[in-house]
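Student: I would like to learn how to read the features of a model like this one, taking the general idea before the particular case. Could we begin with the way side chains are sorted along a strand?

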Amino acid sequence: MMLIEERAAITDYCHKLSMTGLSKGSSGNVSIRLEDKIAISPSGVNNHALKEEDVVVIDLTGNVVEGHLAPSSEMPFHLAVYRQRKDVHAVVHTHS
């Protein structure tokens, strides 16, 4: 499995977003960039139920590299941030 530590971190932060009320259900999303790959939370999965294997890995053009679910519907937003800012390595988008 690719980006194991990043997938674990996304799972952890999605659980925390759910527990603290910053995101409810499947709203909100998290991604982490490592070089030319991005781990991103999937579309339609409740944050409190997210598992590491649910996190999707994409490339910088949005192609799925690894994962069995669709990436977050907010993927274009995350990609735009990463393209504009080379110094940004994570994006958290909540619906608080």
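Tutor: A residue counts as buried when its relative accessible area is under 20%, as exposed when it is over 50%, and as partly exposed in between, with a 1.4 Å probe and protein chains only. Helices (H or I, at least four residues) and strands (E, at least two) are DSSP runs, numbered from the N terminus. This is a predicted model, in which local features need pLDDT of at least 70 and side-chain atom pairs count only at pLDDT 80 or more, while totals for chains, interfaces and linings use all residues. Residues are numbered from 1 along each chain as its sequence is written, and side-chain values use heavy atoms, with hydrogens and water left out.

Student: In which sense do E1 and E5 pair?

Tutor: Two strands pair if DSSP finds at least two bridges between them. Strand E1 (residues 29-34) pairs with E5 in the antiparallel sense, over four bridges, and Val91 in E5 is the bridge partner of Ser31.

Student: How many helices and strands does the chain hold, and what pattern do they follow?

Tutor: The chain has two helices and five strands, and along the sequence they follow the pattern α-β-β-β-β-α-β. The radius of gyration, taken over C-alpha atoms, is 12 Å, close to the 12 Å that the globule rule (2.2 Å times the number of residues to the power 0.38) gives for 96 residues, so the chain is as compact as a globular protein of that length. Of those 96 residues, 43% count as buried.

Student: Where does Arg7 lie, and is Arg7 buried or exposed?

Tutor: Arg7 lies in helix H1, residues 4-19, and is buried, with a relative accessible area of 2%.

Student: What sits over the ring of Tyr13?

Tutor: A charge sits over a ring if NZ of Lys or CZ of Arg is within 6 Å of the ring centre and within 35 degrees of the ring normal. Here the charged end of Lys16 sits over the ring of Tyr13, 5.1 Å from its centre.
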